[in-house]
Amino acid sequence: MSDSQFSQDTDDDDFGGYIKIDRYNQERIDSLKGNYHNVLKQIGEDAEREGLLKTPERVAKAMLYLTHGYELNAEEILNSAKFKEDYSQMVVVKDIEVYSMCEHHMLPFFGKAHVAYIPNGHVVGLSKIPRVVDVFARRLQVQERLTNEIRDCIQQTLNPIGVGVVIECRHLCMSMRGVQKQNSVTTTSAFTGEFLKEKTRTEFLNLISSKLS
């Protein structure tokens with residue numbers, strides 16, 4: 001998608017000389033905001049009142065941002081910082097913030113992801129692991145599939161000796177509606193290779209539960 005297809009939305013706040021600029025496809029915004037305008041009317045609101053005049057466009061931009069993972073390629077991100085390295089011990093990146101949208105009700109779920117791999121001749125820049133998590137999280141998801149997609153991408157791209165992924169999240173579709181259980185947490189895990197062995201998996205789980213002093 002070329003830059004000419006995007007409009008720019010400049011945040012009114014200037015944080016120490018930094019002004020946040022978001023780029024959006026105006027054609028998609030216009031299509032979405034028309035739909036959200038209709039939603040407001042369907043739920044009984046006055047879509048023309050002052051407080052809601054810009055709401056359809058704001059929601060359209062928010063939805064495009066919250067689902068921008070469809071526009072990204074996780075394998076390309078990993079390959080952009082893939083290096084040969086003679087290291088064969090576990091690499092763990094834990095407490096990665098996760099924000100995603102449940103595909104069943106389009107309500108948020110959020111929490112933390114813990115990712116580990118054992119290199120097999122190649123390592124990857126550490127910042128790329130959280131980016132891979134974001135690529136798949138910024139789509140309509142179920143937590144189980146999100147966990148598997150992160151695992152499979154790292155396994156297929158880096159070909160490590162093993163991969164371990166654990167995700168812990170709170171789901172607003174459970175706390176705001178339905179059973180309305182505000183304190184429930186859902187944990188999912190996915191493993192390959194050496195992490196299928198109890199000893200390696202236990203080491204990983206111990207590492208992600210420990211805290212730095």
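The entries below cover a helix, a group of aromatic rings and a glycine in a strand.

**Entry 1: helix 1.** First a reminder to myself: I am reading a predicted model. I checked the length of helix 1, residues 26-42, against what its residue count would give. With 17 residues at 1.5 Å each, I should get a span of 24 Å, and the end C-alpha atoms do sit 24 Å apart, so the two agree.

Next I asked which residues of helix 1 are buried. I found I29, Y36 and L40. They take up an arc of only 50° around the axis, so they lie on the same side of helix 1. That made me recall the general rule: an α-helix has 3.6 residues a turn, so residues three or four places apart point the same way. On the face turned away from the buried side, I noted E27 and Q42, both exposed.

**Entry 2: the two ends of helix 1.** At the start of helix 1, I looked at N25, which has a side-chain oxygen within 3.1 Å of the backbone nitrogen of E27. After helix 1 comes G44, and I read a positive phi there, near 100°.

**Entry 3: aromatic rings.** How many aromatic pairs are there? I count two, taking ring centres within 6.5 Å as the cut-off. In one of them, F191 and F204 have ring centres 6.4 Å apart and planes at 85°, so I logged the pair as edge-to-face. F191 belongs to strand 9 (residues 186-193) and F204 to helix 7 (residues 198-209), so this pair ties together parts 13 residues apart in sequence.

F204 also pairs with F195, again edge-to-face, at 5.6 Å centre to centre and with 85° between the planes. I put F191, F195 and F204 down as one aromatic cluster.

One more note on F191: R201 lies over the face of its ring, 5.7 Å from the ring centre.

**Entry 4: G111.** Where does G111 sit? I found it in strand 5, residues 108-118. From G111 to E97 is 14 residues in sequence, yet I get 5.9 Å in space, C-alpha to C-alpha. Leaving out residues up to four places away in sequence, I listed what G111 touches: I96, E97, V98, E168 and C169.

How values were computed: Residues numbered from 1 in each chain as written. Predicted model: local features only at pLDDT ≥ 70, side-chain atom pairs only at ≥ 80, totals over all residues. Heavy atoms only, no water. Helix = DSSP H or I, 4+ residues; strand = E, 2+ residues; numbered from the N terminus. Expected span 1.5 Å × (residues − 1). Buried < 20%, exposed > 50% of the residue type's maximum accessible area, 1.4 Å probe, protein only. Arc of directions from axis to C-beta. Polar contact = N/O pair within 3.5 Å; in protein donor to acceptor, adjacent residues only side chain to side chain. Phe/Tyr/Trp six-rings, centres within 6.5 Å; stacked < 30°, edge-to-face > 60°. Lys NZ or Arg CZ within 6 Å of the ring centre and 35° of its normal. Contact = heavy atoms within 4.5 Å.
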